[in-house]
Amino acid sequence: MATIKLSEDKIKIIKEICASFNNNSGEIINVLHQVQGKFGYLPAEVQELVAHELQMPVAKVYGIVSFYSFFTMLPKGEHPINICLGTACYVRGAEKVINAFLENLKIKIGETTPDGKFSVNCLRCVGACGLAPVAMIGDKVYGRLTPDQIPAILAEYN
């Protein structure tokens with residue numbers, strides 16, 4: 001993966017977020033959550049700066065980012081697609097729905113389309129089991145999905 005150069009503006013924002021939590025390493029989850037909210041993802045350079053500001057090992061920050069599925073080290077699309085793989089969704093055809101998204105977008109799970117519009121990931125449970133199979137695009141929930149519905153759903157975002 002290519003390294004990115006953090007601009008002075010981004011460095012300042014990250015330092016301000018860390019300072020707002022008194023540079024307390026015990027607040028690492030909150031710091032990372034706010035930083036990801038600002039930038040959309042947590043590349044290595046951002047993790048290194050956070051580790052430095054909170055006076056903790058970079059390996060510990062990386063361990064947290066890689067452990068929690070909420071955090072991502074890759075940029076998400078403008079319209080992130082999350083497909084539920086909970087038991088109800090899985091047995092009702094979530095795998096076929098995932099394949100339909102991937103075929104239509106011509107990407108793999110975890111990737112972002114070249115135009116930056118969509119990214120696709122899977123979740124363990126959305127909590128809408130009665131609507132299985134379920135996918136979310138941003139905050140909008142789509143339920144009782146079938147593969148043939150996917151092209152029309154994606155067209156809503158063009």
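The side chains of K140 and E156 meet in a salt bridge, at 3.5 Å from N to O (a side-chain nitrogen of Lys or Arg within 4 Å of a carboxyl oxygen of Asp or Glu). K140 sits in strand β4 (residues 140–142) and E156 in the segment after α7 (150–155), so the pair ties together parts 16 residues apart in sequence. This is a predicted model, in which local features need pLDDT of at least 70, side-chain atom pairs count only at pLDDT 80 or more, and totals for chains, interfaces and linings use all residues. Residues are numbered from 1 along each chain as its sequence is written, and side-chain values use heavy atoms, with hydrogens and water left out.

**Salt bridges**

- The structure holds 2 salt bridges.
- K140 is partly exposed, with a relative accessible area of 43% (buried is under 20%, exposed over 50%, partly exposed in between; 1.4 Å probe, protein chains only).
- E156 is partly exposed too, with a relative accessible area of 46%.
- E16 and K12 also pair through their side chains, at 3.7 Å from N to O.
- Both E16 and K12 lie in helix α1 (residues 8–20), 4 residues apart, about one turn of the helix.
- Helices (H or I, at least four residues) and strands (E, at least two) are DSSP runs, numbered from the N terminus.
- E16 is partly exposed at 46%, whereas K12 counts as exposed at 51%.

**Largest pocket**

- The largest pocket holds about 520 Å³ of space.
- On a 1 Å grid over the protein atoms alone, a pocket is an open set of points where a 1.4 Å probe fits, with protein on both sides within 12 Å along at least five of seven lines.
- Grid points are joined across faces, edges and corners, and the volume is the space filled by probe spheres set on the points.
- Its lining has 22 residues, and S69, F70, K76, N82 and N121 lie nearest the centre (lining residues have an atom within 4 Å of a point).
- Helix α4 (58–67) and strands β1 (79–84) and β2 (118–123) each give two or more residues to this lining.
- β2 gives the most, with 4 residues.

**Cysteines**

- A search of the whole structure finds 0 disulfides (pairs of cysteine sulfur atoms within 2.5 Å).
- For C122, the nearest cysteine sulfur is that of C84, 9.2 Å away.
- C122 is partly exposed, with a relative accessible area of 27%.
- The sulfur of C125 is 4.1 Å from the closest cysteine sulfur, in C129, which is too far for a bond.
- C125 is partly exposed, at 48%.
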